[in-house]
Amino acid sequence: MMFLEHKYNINDLVKRCKAGERKAQELLYKQFASKMLGVCMRYATDKMEAEDMLQNGFIKVFQKVDDYRNEGSFEGWVRRIMVHSSIEYYRKHHKMMQVVELSETENTTSVNSLAIANLAAKDLLLLIQQLAPGYRIVFNLYAIEGYSHKEIAAITGITEGASKSQLSRARAVLKEQVIKMERKQYGNAG
């Protein structure tokens, strides 16, 4: 049986994956791998770790494909698995959370909007990857994935208060880093 890439849409590929067709799994992987690697990169410390997270995530996608009920987008379903798989991978291979008291995060610094506008996506990703693990995970889950603090607490095993604290501190650290980049780029002296 000939399997042509352009012949099937996502729903057809999902159906064929559910039937266990390896070629459909390969095509589905090719369709989503680069986008999902971007998701994993936000949780990983480097590209190699992100690739491991991606592989683990796709193993879960193919193991759980029968659970997909065509409710919502398939890409969103895969993304959710990648996020959970990345956090699970991180828990297994790293010390998980560094809890910070909210009172430590209350100093807020204003950031020049020009600096933010000139900040390339790759620079922002690099800054996010440099956050402490707990900050990075909570920041990604809240600011990028759209989870509530209650959901983050359930996913990560920390309290809602700790989630709020981690997010606040992550934002403060990112602001400091953006200011440093701005000073370096524009030669501002403080």
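Reply: The questions below take up cysteines, one arginine and aromatic rings.
This is a predicted model, where local features need pLDDT of at least 70, side-chain atom pairs count only at pLDDT 80 or more, and totals for chains, interfaces and linings use all residues. Residues are numbered from 1 along each chain as its sequence is written, and side-chain values use heavy atoms, with hydrogens and water left out.

Me: How many disulfides does the count come to?
Reply: A disulfide is a covalent bond between the sulfur atoms of two cysteines. Here the rule asks for a pair of cysteine sulfur atoms within 2.5 Å. By this rule the count is 0 disulfides.

Me: Is R42 buried or exposed?
Reply: Buried means under 20% relative accessible area, exposed over 50%, and partly exposed in between (1.4 Å probe, protein chains only). The relative accessible area of R42 is 11%, so R42 is buried.

Me: Which side chain does the side chain of R42 join in a polar contact of 2.2 Å?
Reply: A polar contact is a pair of N or O atoms within 3.5 Å; within protein, one must be able to donate a hydrogen and the other to accept it, and residues adjacent in sequence count only if both atoms are side-chain atoms. The partner of R42 at 2.2 Å is E145.

Me: Why is the pair of Y68 and F74 edge-to-face?
Reply: Rings of Phe, Tyr and Trp (its six-membered ring) pair if their centres lie within 6.5 Å; planes under 30 degrees apart count as stacked, over 60 as edge-to-face and the rest as tilted. The count comes to 6 aromatic pairs. For Y68 and F74, the centres are 5.0 Å apart, and the pair is edge-to-face because the planes stand at 80 degrees.
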